[in-house]
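Here is a brief report on helix packing and the nonpolar core. The model is a predicted one.

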Amino acid sequence: MFDVSILSAFLGGLIVFFSPCVLPIVPFYLSYMAGASMSEISAEGRLAPGVRRRAFAASVMFSAGIITVFVLLGAAAFGLSQAFRGYQTEFRLFAALVVLIMGLHFLGVLRIGFLNRVFQMDAGDTRNMSVLGAYVVGFAFAAGWTPCVGGVLTAVVFTASSEATALKGLGLLLVFGFAMTTPFMVASLFIGPFLRFASRFRRHLPKVEKAMGVLMLVFAGLIATDSVNYIAQWMLEAFPAFQNI
């Protein structure tokens, strides 16, 4: 049976990757993962031997670090929701308020300074990047996520905390994490083409930001009114093929 929450988590992860506060810093992280300078990975022509292999191996561990944090957040949220089952309404409204504020921020209606924080770190000597180091960097990146990640993640975490079992809730966070990090791993295999794509796509980032704001407002309304299941039912009726998924 088709589960709209899984599709929402997947799309949310993809949107986060192509958002204004993640996509622009991907080239830096590719450089960091590859153990190469930005000039090396940005130059036209062939990459130095081993750079692409290093970048992919490190990107897998970087992604694993990010997903670890998301799963831990999902487990914590599910535990809290079970411990305070008598306050589900308050919990739902609080989550809706957080998503609403994020949506207004992206639309430019509200501008909250600390939400513009972007995770940064001193790269140091990138040639010494290890696989374990890439995992730690991914873990730190997710723990200090930008508002783009935080807004969508809040909606996904709340949905996960409302699932019938912890396994289903953690599954949603895994889907979200994989959707967000898979483009990064693919980019590490096609560094040159990806950098050219990112350069062309940069002009569309303001549109993506506004689209994220609108989607967050919609989802805030769905959370506040406890209507997510109605959307799932409508999709099943409108697109019967989903019943076979």
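H5 and H10 pack at an angle of about 160°. Angles over 145 degrees count as roughly antiparallel, so H5 and H10 are roughly antiparallel to each other. Their crossing is left-handed. On the H5 side, the contact includes Arg92, Leu93, Val99, Leu100 and Phe106. H10 contributes Glu209, Lys210, Met216, Leu217 and Ile223, among others. By class, this contact has 16 nonpolar, two polar and three charged residues.

A second pair is H4 with H6. The axes of H4 and H6 cross at roughly 40°, which makes H4 oblique to H6. This crossing is right-handed. Among the H4 residues that meet H6 are Ala58, Phe62, Gly65, Val69 and Phe70. H6 answers with residues including Val131, Tyr135, Gly138 and Phe141. The contact of H4 with H6 divides into 16 nonpolar, three polar and no charged residues.

The table sets out both pairs.

| Helix pair | Residues | Axis angle | Axis distance |
|---|---|---|---|
| H5 and H10 | 88–107 and 205–224 | about 160° | 8 Å |
| H4 and H6 | 51–83 and 131–143 | roughly 40° | within 7 Å |

Now the core. Which residues touch the most other members of the largest nonpolar core? They are Met33, Phe62, Phe70, Phe176, Phe184, Phe194 and Ile223, out of 54 residues in that core. Phe62 and Phe70 are also in the contact of H4 with H6. Ile223 is in the contact of H5 with H10.

How values were computed. Residues numbered from 1 in each chain as written. Predicted model: local features only at pLDDT ≥ 70, side-chain atom pairs only at ≥ 80, totals over all residues. Heavy atoms only, no water. Axes fitted to C-alpha atoms, helices over the stretch in contact; angles between N-to-C directions. Helix = DSSP H or I, 4+ residues; strand = E, 2+ residues; numbered from the N terminus. Parallel < 35°, antiparallel > 145°, perpendicular 65-115°, else oblique. Left-handed = near helix turned anticlockwise from the far one by under 90°. Contact = heavy atoms within 4.5 Å. Nonpolar A, V, L, I, M, F, W, Y, C, P; charged D, E, K, R; others polar. Core = buried A, V, L, I, M, F, W, Y, C linked by side-chain atoms within 4.5 Å. Buried < 20%, exposed > 50% of the residue type's maximum accessible area, 1.4 Å probe, protein only.
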